[in-house]
Amino acid sequence: MTVNTENFDRWIRGEFVEMNTALEEIYFAQSDRSAVENVGDSIKKPLVDTGRSFILQLLKEGNTDEGFDSAFDLLGNVGLYMAACRRHDITEPSRETLSPLTEASGLALHLGASIGVTPRFATSHLATHNLARSGKYKSFTSLRDESLFIENNTRGIFAYKRAADALVRILPLGISHPVAYDLLTDARNALLDVAKWNEILFRELNTERFFFSVRPYYKPYRVGLHEYRGANAGDFCGINEIDLLLGLCNANNISYSQLLVDKFLFMMPDDQARLRDCMRRRSLLDSLLEELPGSQAQPWYQRNARMYLEVCAAHGAAAQQHHDQLVKRFIEMPSQNLPASRLTHITASGPPLEVLLKSLEKLRDLRMAAVRDDIPSRHRDIQTLQRSLR
C-alpha cells in the first residue's frame with residue numbers, strides 16, 4: 001500500500017465504523033427507524049468530508065500499478081464510503097442524474113475498469129476478500145448483527161465454493177469413475193454446512209437490527225452517471241456452478257441466463273472465468289440419464305446416482321431454507337410494516353419487492369427440482385433417477 005492508501009484504509013477500519021455505528025444508534029432509537037433524512041447531520045458531514053479528503057489525495061497520486069489485489073482492496077474502501085453515503089441519504093439515485101460524490105466516482109470508475117469488475121463495493125469486499133488485521137476485518141458498523149451476517153455469510157460462501165470445486169473435479173473423471181462418489185460426498189457435506197450456517201443466522205440474527213441497520217448498506221447507488229445495483233450475497237460463481245453442473249438449471253433458460261449476465265461484473269475475474277467455462281459443460285444429470293439404459297444394474301451406477309441425488313437434495317434444502325426462512329423473515333415480513341413510500345428502494349437488486357420475491361421463488365424451485373410446469377424444472381428427470389435405484 002502507498003501512504004495515501006494506508007491512511008484511507010485506517011480511516012475505513014476506524015473512525016468510519018464509529019460514525020456509521022453512532023448514526024445507526026440514532027436511527028434505531030426513533031419511532032420510525034427507516035427515517036434517516038435530516039437526522040444526524042453533525043455526524044454525516046464529517047463522514048462525507050473526511051472520506052472526500054482521503055480520496056482527493058488518492059486521485060492526485062494516480063495509478064500506482066500495485067497489482068490487482070491492491071486495486072481491488074482500494075475499490076472496496078471507496079465503495080464502502082459511497083455505500084455509507086447512500087445509506088445515510090447523502091446520495092439518492094432517484095433524485096440524481098450524476099452522483100454528487102464526483103471524486104469517489106472518478107476513482108471507482110478508474111479502478112473498476114482497470115481490473116474488470118463493477119465500480120462499486122461487491123460481496124467479496126466484505127466476505128471472501130476482506131483482509132483482517134489483528135483479528136478485525138472491515139465492516140460498516142461495530143454492531144453484533146453485522147458481524148453475525150458477515151461471518152456466517154462468508155462461511156456459507158466458502159462452503160458453496162467447496163461443493164463447486166468437488167463437482168468440477170468430476171468432469172475430467174466422468175460420472176462412472178469410482179472417485180466420483182467421493183467427490184459427490186464432499187459436495188453433499190459442503191452443502192450441509194451451508195444449511196448449518198444459514199440456521200445460525202436464522203436463530204441468532206435480530207430481524208429488526210438486520211433490516212434497519214445492516215441491509216440498508218447494500219442498496220443500489222450511482223457511480224458517475226450510472227446506477228449500480230446493490231451487492232448480493234450470491235455474487236460468486238460457486239452456487240451457479242453447482243446449479244449448472246448438477247443440471248438443475250440451464251444457461252439456455254432466459255431468466256436464469258439473465259441472472260448470470262447481471263452478476264458477472266460483481267464477481268472476481270477468476271470467478272467470471274470459472275462460470276463461463278461451466279456454462280459450456282455437460283451436466284452430471286444428463287450424464288447419468290445417458291448411462292441409465294445400460295448401466296442401471298451396475299454397482300457404480302447405483303452408488304454414484306444415489307449420492308448424486310443426495311447432493312441435489314442438500315442443494316435444494318439449502319435453497320428452500322434460504323428463501324422460506326431467511327428471505328421471508330429478514331426481508332419480506334419486516335417490509336410489510338413499512339409505509340408504501342419506504343418500499344421504493346427496499347431491494348438491493350433494484351426491482352420492486354414483489355418482483356424480486358417471485359424471481360427468487362422460481363430460482364428456489366429450480367434448485368429443488370420442484371413440480372412446476374411454468375419453469376424448466378428437472379423434476380421428472382430426478383424422479384427417473386430415483387426410480388432407477390434399488
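Q: Is Asp-374 buried or exposed?
A: Asp-374 is exposed, with a relative accessible area of 54%; exposed means over 50%, buried under 20%, and partly exposed in between, with a 1.4 Å probe and protein chains only. This is a predicted model, in which local features need pLDDT of at least 70, side-chain atom pairs count only at pLDDT 80 or more, and totals for chains, interfaces and linings use all residues. Residues are numbered from 1 along each chain as its sequence is written, and side-chain values use heavy atoms, with hydrogens and water left out.

Q: Which side chain does Asp-374 meet in a salt bridge?
A: Its partner is Arg-372, at 2.6 Å from N to O. A salt bridge here is a side-chain nitrogen of Lys or Arg within 4 Å of a carboxyl oxygen of Asp or Glu. Arg-372 counts as partly exposed, at 22% relative accessibility.

Q: How many salt bridges are there in the whole structure?
A: A search finds 34.

Q: Which residues are linked in a network of them?
A: Glu-6, Asp-9, Arg-10, Arg-13, Asp-73, Arg-133 and Lys-138 are linked. Helices are DSSP runs of H or I with at least four residues, strands are E runs of at least two, and both are numbered from the N terminus.

Q: Are Asp-9 and Arg-13 buried or exposed?
A: Asp-9 is buried, with a relative accessible area of 0%, and Arg-13 also counts as buried, at 14%.

Q: What about Glu-310, which side chain does it meet?
A: Glu-310 forms a salt bridge with Arg-188 at 2.6 Å, N to O. Glu-310 lies in helix α14 and Arg-188 in helix α8 (residues 178–204), so the pair ties together parts 122 residues apart in sequence.

Q: Changing topic, how many helices and strands does the chain have?
A: The chain has 16 helices and two strands. Of its 390 residues, 55% count as buried.
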